[in-house]
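Here are my quick notes on the model you sent over. I start with the overall numbers and then go to one helix pair.

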Amino acid sequence: MIQLETILEILCKGVIIGVIVSAPLGPVGVLCIQRTLNKGRWYGFVTGIGAALSDIVYALLTGYGMSFVFEYINANIFYLQLFGSILLLLFGIYTFRSNPVRSLRPASTNKGTYLHNFLTAFLVTLSNPLIIFLFVGLFARFTFIGNGGVGEAVIGFMGIVAGALSWWFGITYFVNKVRKQFNLRGIWILNRVIGGIVILVSILGVVYTLMGQSLY
């Protein structure tokens with residue numbers, strides 16, 4: 001029987017991972033904002049759901065692979081957490097310096113079906129297997145993979161899904177509310193804020209790891 005504290009801890013880590021993976025405004029993030037502005041909030045949210053499903057596919061592949069080397073991970077947790085924090089720092093710097101506006105495409109006059117919007121976002125996200133490296137770093141940083149069995153794994157991945165969907169629900173709600181004031185500069189500023197937060201969290205992670213303490 002999994003204790004309530006353990007369930008909450010695993011869920012919390014999963015939600016954080018889901019948000020971090022979803023938040024940077026890459027091609028799918030910009031596509032989600034575009035569709036929210038041009039087609040309506042729920043078209044944007046369905047786009048986010050497609051991206052979230054693709055992310056969980058890669059998360060499952062990463063978790064499945066890392067579960068085979070759990071003993072190695074457990075024996076080298078200090079170095080792997082340090083590696084995870086550094087990788088997260090590089091990811092934050094890349095996000096901060098990137099310009100998501102370049103990913104903008106001409107607005108389509110045809111809304112299409114929800115299924116079409118879902119599938120296009122799923123395929124765009126699935127076409128970027130490099131996200132596996134981000135999951136490896138995050139799983140190592142948050143000590144996400146353990147030997148707790150199937151129950152803990154299911155709870156953890158449910159947390160990732162919840163985190164990803166919460167982000168897409170929140171961002172489409174925000175963009176829809178400020179649609180009249182939201183412009184290209186708004187997208188650029190939002191991405192910089194996200195990148196800055198990721199950089200701050202990763203630096204704290206490095207410091208706490210070197211001090212032998214746990215930030216998360």
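1. Surface first: the protein exposes about 11700 Å², and carbon and sulfur atoms supply 69% of that area. Keep in mind that this is a predicted model.

2. On burial, 43% of the 216 residues in the protein count as buried.

3. The secondary structure is quick to list: nine helices and zero strands. Written along the sequence, the pattern reads α-α-α-α-α-α-α-α-α.

4. Now for contacts along the chain. Take the contacts between residues at least 6 apart in sequence: 88% of them join residues at least 24 apart.

5. The pair I'd look at is H5 (residues 77-97) with H9 (residues 184-210). These helices pack at an angle of about 160°, and their axes are 8 Å apart. Angles over 145 degrees count as roughly antiparallel, so H5 is roughly antiparallel to H9. As for handedness, H5 passes H9 in a left-handed crossing.

6. Which residues of H5 and H9 make the contact? From H5 they are Phe78, Gln81, Leu82, Ser85, Ile86, Leu88, Leu89, Phe91, Gly92, Ile93, Thr95 and Phe96. H9 brings Asn191, Arg192, Gly195, Gly196, Val198, Ile199, Ser202, Ile203, Gly205, Val206, Thr209 and Leu210. Sorted by class, the contact of H5 with H9 has 13 nonpolar, ten polar and one charged residues.

Note on methods:
Residues are numbered from 1 along each chain as its sequence is written. This is a predicted model: local features need pLDDT of at least 70, side-chain atom pairs count only at pLDDT 80 or more; totals for chains, interfaces and linings use all residues. Side-chain values use heavy atoms; hydrogens and water are left out. Axes are lines fitted to C-alpha atoms, for helices over the stretch in contact, and angles run from 0 to 180 degrees between N-to-C directions. Helices (H or I, at least four residues) and strands (E, at least two) are DSSP runs, numbered from the N terminus. Angles under 35 degrees count as roughly parallel, over 145 as roughly antiparallel, 65 to 115 as roughly perpendicular and the rest as oblique. A crossing is left-handed if the near helix is turned anticlockwise from the far one by less than a right angle, and right-handed if clockwise. Contact means heavy atoms within 4.5 Å. Ala, Val, Leu, Ile, Met, Phe, Trp, Tyr, Cys and Pro count as nonpolar, Asp, Glu, Lys and Arg as charged, and the others, Gly among them, as polar. Buried means under 20% relative accessible area, exposed over 50%, partly exposed in between (1.4 Å probe, protein chains only). Accessible areas come from the Shrake-Rupley method with a 1.4 Å probe; for residues, only the protein chains shown count as cover.
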